[in-house]
Amino acid sequence: MVDDTIVPAERFGPDFLQDPHSTYSRLRREAPVQRVVLPAGLQAWVVTRYEDVRAALANPGLRKDFRRYPDLFARNTMRNQPGFVHPALVAHMLNMDPPDHVRLRKLVTKAFTLRRIEAMRPRIEEITTDLLDAMAGEQRVDLVEAFAFPLPITVICEMIGMPAEDLDGFRSWCNTLISGGEPDEVQHAADATKAYLLELIAKKREEPVEDLFGALVHAREDGDQLTETELVSMVFLLLVAGHETTVSLIASGVLSLLRNPEQFAELRADRSLLPGAIEEFLRYEGPLNMATFRYTNEPTEIGGVEIPADEFVMLALTSANRDEEQFPEPDTLDLRRDTTGHMAFGHGIHYCLGAPLARMEAEIAFNHLLDRFDHIELAATTEGLRWREGVVIRSLEALPVRIG
């Protein structure tokens with residue numbers, strides 16, 4: 001249970017998830033390394049300044065080991081939690097340190113190559129066109145439901161070889177696992193996801209197919225290959241990370257343009273700004289609020305503050321990307337900004353393997369969206385928009401727009 005005898009903890013309520021920027025701005029000034037209680041009841045230390053976050057992302061003293069997470073969750077939570085999902089879904093490289101991380105990343109990189117990603121470009125163009133065709137007859141749509149979600153989930157599922165008819169069930173399980181819910185609901189979603197992926201692995205072993213999942217099943221490095229548990233976890237990671245980041249990037253990028261019409265007009269007039277615009281979307285309202293869980297194995301100093309052993313440390317990427325010491329006027333969207341060094345995809349050995357895919361999908365999505373519709377406007381008040389629950393992924397629940 002949480003020990004309130006050490007540094008007093010600031011409690012982050014539900015409002016924090018809707019607007020973390022104002023809280024982060026204050027913490028960067030007053031308490032850049034702060035003990036907090038997150039909305040779900042988990043105690044952690046939140047690091048908010050760019051320099052501290054970047055250093056911590058590459059600090060081997062901050063550990064990742066999924067085998068320790070259940071005990072650490074029990075020690076650092078203020079109320080009953082559903083645990084850390086399912087052991088078979090978290091035994092992937094994002095929850096491991098070297099040498100395990102090095103071994104797994106080598107095997108996955110052999111399957112998840114830039115050539116394989118680039119080969120998907122024509123198909124991504126086709127999926128994008130089909131989705132925009134379906135939207136063309138509508139005057140008002142939810143851009144998340146109609147476009148930002150189905151594009152990347154279709155792409156990653158086709159890359160992995162998941163049948164299209166299984167998408168709805170998998171989406172429901174993922175939403176429960178990411179956003180949380182009652183313990184029984186989370187456990188059911190974890191069990192169902194594990195069982196489904198095990199069945200898919202068996203099919204890939206029986207009928208080898210040239211897709212990403214098949215490549216993972218048969219990937220070898222110096223006689224080594226992924227175990228069944230590692231395969232389940234890795235495919236789960238690729239499916240979730242492979243679409244969640246792009247859903248957020250597309251939706252929040254469009255919202256950022258709608259809130260900044262002068263910048264939107266500049267992008268329409270000069271499409272060569274798009275690559276830089278995507279980087280600015282990532283910096284300004286990135287898909288990851290905080291980096292995934294790290295913990296202290298021994299007392300560790302960050303930003304002049306000593307954090308005791310066995311404490312979770314959450315690195316606020318969203319805050320680092322709006323640190324005024326790194327990015328002048330950080331709360332202003334500027335498509336011509338030098339965004340070098342932004343950390344929307346992390347930093348260090350855990351830098352996102354799928355970043356090139358997310359960038360390519362976003363480039364295609366925005367190009368086609370602007371080609372197709374001369375007019376896009378927000379069909380809801382800014383206050384009426386809601387961000388999904390969960391401290392890691394930052395993504396809109398819906399984005400109602402009028403198009404024409």
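In which helix is S256 found? Select S256: this residue is found in helix 14, residues 228-259. Helices here are DSSP runs of H or I with at least four residues, strands are runs of E with at least two, and both are numbered from the N terminus.

Before going on, note that this is a predicted model, in which local features need pLDDT of at least 70, side-chain atom pairs count only at pLDDT 80 or more, and totals for chains, interfaces and linings use all residues. Residues are numbered from 1 along each chain as its sequence is written, and side-chain values use heavy atoms, with hydrogens and water left out.

**Stop 1: S256**

S256 is buried, with a relative accessible area of 4%. Buried means under 20% relative accessible area, exposed means over 50%, and partly exposed lies in between (1.4 Å probe, protein chains only). Now show S252 as well: the side chain of S256 reaches the backbone oxygen of S252 at 2.8 Å. Next, select Y284, E285 and L333, which S256 touches, not counting residues up to four places away in sequence. Contact here means heavy atoms within 4.5 Å.

**Stop 2: E285 and R322**

A salt bridge is a side-chain nitrogen of Lys or Arg within 4 Å of a carboxyl oxygen of Asp or Glu. E285 lies in the loop between helix 16 (274-284) and strand 6 (294-296), and R322 in the loop between helix 17 (317-320) and helix 18 (355-372), so the pair ties together parts that are 37 residues apart in sequence. E285 is buried, at 6% relative accessible area, and R322 is buried, also at 6%.

**Stop 3: R123 and E126**

Move to helix 8 (residues 121-136), where both E126 and R123 lie, three residues apart, about one turn of the helix. Their salt bridge has its closest N and O atoms 3.3 Å apart. Are these residues buried or partly exposed? E126 is partly exposed, at 43% relative accessibility, and R123 is partly exposed, at 26%.

**Stop 4: R68 and D71**

Finally, select R68 and D71. This salt bridge has its closest N and O atoms 3.7 Å apart. R68 is partly exposed, with a relative accessible area of 22%, and D71 is partly exposed, with 43%.

How many salt bridges does a search of the whole structure find? The search finds 24.

Conventions:
Polar contact = N/O pair within 3.5 Å; in protein donor to acceptor, adjacent residues only side chain to side chain.
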